[in-house]
Amino acid sequence: MLSHLCWLCLLTGQVVNGFQNVVIPSCSPEMKVCRFNWTIDYKQTMVHYEPDKIGHPIVNNNGTLYLRDQCRTSKPVTKQDLETVLLTDGQYKMIYTINGQYPGPSIVVYQGQQVEVVVKNKLMSEGVTIHWHGLIQWGTPWMDGVGSLSHCPINPEQTFTYSFLAEPSGTHWYHSHHGAQRTEGLTGALVVLERTGEEEKEEANQNKKTEFLMFLQDWFHESSTELISFLDWGMLQFLRGFDADQCFVPYAGANQENVGFLPFESILINGKGNSFLTNMTADSVQWTVETFNVTANDTYRFRVISATMVYPLQVSVDQHELEVVAVDGNAIVGVRGDAVIINGGERFDMLVRTDQPIGSYWIRVSTLANGGQNQTLGILRYEGSNSLVPDTERTRCDVTRPCIVVNCLFGQYPDDLYTHCVSIGDMKSTPEVIQKHPVSLESADAFQEIFLNFHYTRGSPDPFPTSINGKRFIRPSVPLQLLPSGNDTHVRCADAECQDICDCTNIVKLAINDTIQLVLLNMDNSRNGLAHGIHIHGHHVHVIKVGYPKYNTDSTGRITEQNADILCDTPICNHATWLNPSWAGDGLPEANMEDPPLKDTILVPRQGYVVVRFKADNPGFWFMHCHMEPHAITGMALILQEGETGQMPTPPSGLQGCGNFFSLGASTNLLKGNSLLNTLSSDQIPASDSMPCGHWDHFKVKEPSYIAVICILCVLNITSLAVLYVKVKYTDKISNIEAVKLNRRIEINERTEPETFGNHVYMNKYDKHSYTSI
């Protein structure tokens, strides 16, 4: 039973700061609904909290951690003290947490179970949404958790219940999709276990095969909001410090291209970095460095998730080969290598065989910057090892034993690095995956091929010109999933007079059940550029072809020429086509139409392209964007509108609306105000007879009666205000007379205030929060 699994967890894994690095089901396989209760709040890293929320800073002094119980006194920290401490990389930072945890609580459920997550927002100022990255949200597009697209943000003190099916199986994750909260702590693992028919037996088996979670994130000491704003203001060169002498230059990788445009500070493995390692004692290493405990001569599955803000990361284990067996939750024919590169949003399941002598081995997670100094370390510790701190070295690549790197950012390494690449285009789905998800084939009357260029737009007046086909994305002010027409709530690209560059809400329409072929480009004439990881919501897509540019592999590894398969109409390539027109549709040569890998986050190489294909069978509005958070926020995004609005599932009647507020000035025509009330037309409002004010079902009147009601209300309001005005003047007059009698000044708080509006809060019948549970 679950108690056995928890005991197994104590034997093989470790629990620190609430994060469990062993995969354990959150609920039993026979349960139909798995329910989670979350509270989102602030927490300070490197602080121990008492039950009454009193905090005590943790201080690292020459490798020993101390707890400051008073300002001038401290004591060595204990294991019990660390249970409430978010260690991160040993620096102090205010972050967002879920139930006080970072990373957030892992959700591990079985395929097909109903997942309900009740989110309470206890933040002071910020709204929140949660995106379930990797889940396709079939029939529930309003649960996808994209702020301003799927549903309204959950405001402070509001509660929202996410409810969706756990589909498909595999390694996924969740994160905030509102502003820059994802990289400030609102993120965690989401694993959907495949149904095998043996779940109950496996649950009762104490010897169940152990699986590990490895949750990776690049970590910065300044807030993500600050860093993204600095980029948007063109202040990249000053990111070493506004008053520092040294200027910041983006990091270059093996092919001299950009692999990181923010100053590196730390990488976290399951919420822990290793700035502690300097002079760290053996006793405290086990709590400050993430450790995976294994037994010899066994095979372990590591579910690796990248939640990075900017950096692609390379993962390796000293003296151990890795075998990738799944990408973004989808099984592939095993690919073996010495290291795996994982980009933000991607997930890789890899097998590690413990076939080396008993000991402790470094797990290395590094950026791709030349020199390899930007890294953090974890530990793979064999049972019976006498060494807590490993002394192993990374695998050396040479002419006699070249290294293999899986999922490279580029096609080739320079020759003198003796490293071979395995691209995502070289991977193959298993026969079981293809049988369940065959490649969608072209139909003459039901096929769309769309070229999308994700790039920096050189010549833009903006200092950080991220765009797709020259269009910088502007979010709608009302979620399109709730208000499909979007009247006056977003800037239509057709109305923006887009030339080479423009700002608009880019919506690409897909016809239901069409075969969709997207050609994802990364081409421009900019001096600066890098590979982009593109996430597609609502689908997993077949990657049927990857095209790389030409490289100078003899020496520098630099790109010498864009890929020649693409015909660009302008230097910034906003309207690309195939150079050879016969390549359109199923005429694409060297495309894998038999067993391509399935992914939802696709790396597009610099000056190259990737071709993906899927069937448009999931109606709704779906976000598509670069998963580097600064790029997504500043404009490298668009919306896929899958089907006409009448073909989309109808949102639940209790889903709360939101939108712009209109001015109450005398010159404002209320009927033209830009609010949700005024953007709804009668044919967009679902029928309902019992919805409180503030929800869109309330506004279901036809246009003539609607205008009549508004006019009557205006007259009543004016009459009421006139009566209140007379009452106030009369009350003030009496008060002034009394004040004169007492020979003293009237204080403003002594005036009698008119009672104008009641503060009505509509309650959910299940709780006392003002946000309706679904």
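This presentation covers the salt bridges, disulfides and nonpolar cores of one predicted model.

Good morning, colleagues. Residues are numbered from 1 along each chain as its sequence is written, and side-chain values use heavy atoms, with hydrogens and water left out. Since the model is predicted, local features need pLDDT of at least 70 and side-chain atom pairs count only at pLDDT 80 or more, whereas totals for chains, interfaces and linings use all residues.

I begin with charge pairs. Side chains of opposite charge can pair when their charged atoms come close. The criterion applied here for a salt bridge is a side-chain nitrogen of Lys or Arg within 4 Å of a carboxyl oxygen of Asp or Glu. Searching the whole structure under that criterion gives 25 salt bridges.

One of these joins Arg303 and Glu211, with an N to O distance of 2.9 Å. Arg303 belongs to strand β20 (residues 299–306) and Glu211 to strand β15 (residues 211–219), so this pair ties together parts that lie 92 residues apart in sequence. Strands here are DSSP runs of E with at least two residues, numbered from the N terminus. Are the two partners buried or exposed? For accessibility, buried means under 20% relative accessible area, exposed means over 50%, and partly exposed is in between, with a 1.4 Å probe and protein chains only. Arg303 is buried at 6% relative accessibility, and Glu211 is also buried, at 16%.

The next pair is Glu257 with Arg606, a salt bridge with 3.5 Å from N to O. This pair links distant parts of the chain, 349 residues apart: Glu257 sits in the loop between β16 (251–252) and β17 (258–260), and Arg606 in the loop between β43 (601–604) and β44 (609–615). Glu257 is buried, its relative accessible area being 16%. Arg606 is buried as well, at 6%.

The salt bridge of Arg472 with Asp503 has its closest N and O atoms 3.3 Å apart. Here the link runs between strand β32 (residues 471–473), which holds Arg472, and strand β33 (residues 502–504), which holds Asp503; the two residues are 31 apart in the chain.

I turn now to the disulfides. A disulfide is taken as a pair of cysteine sulfur atoms within 2.5 Å, and the search of the whole structure returns six.

Cys397 and Cys403 form one of them, with the sulfur atoms 1.9 Å apart. The torsion about the S-S bond is about -95°, so this disulfide is left-handed. Cys397 is partly exposed at 30% relative accessible area, whereas Cys403 is buried at 4%.

Cys493 and Cys504 form another, with a sulfur separation of 2.0 Å. Its torsion of about 80° makes the disulfide right-handed. Cys493 lies in the loop between β32 and β33, and Cys504 in strand β33, so the bond ties together parts 11 residues apart in sequence. Both cysteines of this pair are buried.

Cys568 is joined to Cys573, S to S 1.9 Å. With -75° about the S-S bond, this link is left-handed. Cys568 counts as partly exposed at 25% relative accessibility, and Cys573 as buried at 1%.

The last topic is nonpolar packing. In soluble globular proteins, nonpolar side chains tend to be buried together. A nonpolar core is defined here as a set of buried Ala, Val, Leu, Ile, Met, Phe, Trp, Tyr and Cys residues joined through side-chain atoms within 4.5 Å.

Which members of the largest core touch the most other members? Of its 93 residues, they are Phe302, Leu380, Leu518 and Met624. Counting heavy atoms within 4.5 Å as contact, and leaving out residues up to four places away in sequence, Phe302 touches Phe212, Met214, Phe292, Phe348, Asp349, Met350, Val352 and Leu380. There is also a second, separate core of 31 residues, which includes Val117, Ile130, Trp132 and Leu186.

That concludes the presentation. Thank you for your attention.

Methods:
Helices (H or I, at least four residues) and strands (E, at least two) are DSSP runs, numbered from the N terminus.
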